[in-house]
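Let's take a friendly walk through a protein model together. Keep the picture open as you read, and find each residue as it is named.

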Amino acid sequence: MMMGLLTTLLCSAFQAHAVLLSANQKQKVHADVTPVEKVINMVEELQAKVSAEGKAEATTYDAFGCFCKSKTDEKTKAISEEEQTVSDLASEIKKLSAKRDQLDQDIQDLTEEIADHEHFLATAEGIRKQERAVFEASDLDLEKSVHQLQAAVDKLKAGAGFLQGASGAKMLAAVKDQVQTALDMADSLGMVDGNSGLPALLQQIPEVPENDYDFHSQGIIDLLKDLHKNWSEKKATLEAEEDAASSAFNAAADAKRTEISTTKDTINTQTSALDTTNSDLATDTADLTETNALLADDKTYLKDLTEQCERKAREW
């Protein structure tokens, strides 16, 4: 560009020189400076002007070149850092998403586990309640049976030697009723078998004894005492079994309630972790969107800058 300008100026100078020569030949003008000297001065002035403009233009080009380089380096570094940030955020978002999904699944599984535990506990409590009701009914019947046997024994002991006549018949009838009641209750509990001797005992009690030898009360008393002892022991065994069953159930129920409580605490912890994870995920997602926007802007700026710098370089 500078060489073209210099050539143009020189051509103009020589044209001016030719004009001056022609004028001198016609007018014969006397002067202190000859036309050739004027042309030489003009050329020198043009050269100085061109040189000064060239230096100014070179300075401008250098400044623009520095600007292009510094901005290119700045944006290239920014783009590299932003791309790394995008990569890091994308990786972190992937991890947080996986963590969120796992926490969601864990909370769902734990919730279902609690529902299963509560259903199991409610079912077990229902069964235990039924078992307790059956025990209480059986224990009450057994208590009545034992009481009836003891009442029969007491009556027989009290009436020993006075079993004749109407009064004796009345007492025997009462004893027989008490023994029959005890037998029915015991039978309903499955405690009467063919070897108990109780059915035969009822047959031995006469409606109206004629004398002491027709009805041997002591033998019946001994048999009733044996039954009373057996049934009392059976009652004690059933009560001991109920106590053991109740204790075992209470221990198991307490353990299940503790398990439910612990699982609920775990859900609370997992829920808190899920809230934190979702918050971090939202923050990183927003940061990723912002960084991608900055990255796109910087890439566009760098592309435009490169095109402008290359175009200016070609022009100079």
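**A network of charges**

Arg 128, Glu 131, Arg 132, Glu 136 and Glu 242 are joined in a network of salt bridges. A salt bridge here is a side-chain nitrogen of Lys or Arg within 4 Å of a carboxyl oxygen of Asp or Glu. Side chains of opposite charge can pair when their charged atoms come close.

Before going on, a word about the model. It is a predicted one, in which local features need pLDDT of at least 70 and side-chain atom pairs count only at pLDDT 80 or more, while totals for chains, interfaces and linings use all residues. Residues are numbered from 1 along each chain as its sequence is written, and side-chain values use heavy atoms, with hydrogens and water left out.

Now look inside the network. The side chains of Arg 128 and Glu 131 form a salt bridge, with 3.2 Å from N to O. Arg 128 and Glu 131 are three residues apart in helix H2, so about one helical turn separates them. Helices (H or I, at least four residues) and strands (E, at least two) are DSSP runs, numbered from the N terminus. Are these two residues buried or exposed, or partly exposed? Arg 128 has a relative accessible area of 11%, so it is buried. Glu 131, at 41% relative accessibility, counts as partly exposed. The cut-offs are these: buried means under 20% relative accessible area, exposed means over 50%, and partly exposed lies in between (1.4 Å probe, protein chains only).

Arg 132 is partly exposed, with a relative accessible area of 34%, whereas Glu 242 is buried at 5% relative accessibility.

Ala 245 lies in helix H5, and with 31% relative accessibility it counts as partly exposed.

**The whole chain**

Let's step back. How many helices and strands does the protein chain have? The chain has five helices and zero strands, and its pattern along the sequence reads α-α-α-α-α. Of the 316 residues in the protein chain, 27% are buried. A search of the whole structure finds 16 salt bridges.

One of these salt bridges is formed by Asp 73 and Lys 69, whose closest N and O atoms are 3.0 Å apart. Asp 73 and Lys 69 are four residues apart in helix H2, so they too are separated by about one helical turn. Asp 73 is partly exposed, with a relative accessible area of 43%, while Lys 69 counts as exposed at 55% relative accessibility.

**A link between cysteines**

The structure holds one disulfide, a disulfide being a pair of cysteine sulfur atoms within 2.5 Å. Which residues form the disulfide? They are Cys 68 and Cys 309, with their sulfur atoms 1.8 Å apart. The torsion about their S-S bond is about -95 degrees, so the disulfide is left-handed. Cys 68 lies in helix H2 and Cys 309 in helix H5 (residues 217–315), so the pair ties together parts that are 241 residues apart in sequence. Both Cys 68 and Cys 309 are buried. Cys 66, by contrast, is in no disulfide, and the nearest cysteine sulfur, that of Cys 68, is 9.4 Å away. Cys 66 is exposed, with a relative accessible area of 54%.

Val 153 is placed in helix H2 and counts as buried, at 2% relative accessibility. The C-alpha atoms of Val 153 and Lys 225 are 7.1 Å apart in space, and the two residues are 72 residues apart in sequence.

Finally, find Asp 109, which is also in helix H2 (residues 35–158). Asp 109 is partly exposed, with 36% relative accessibility.
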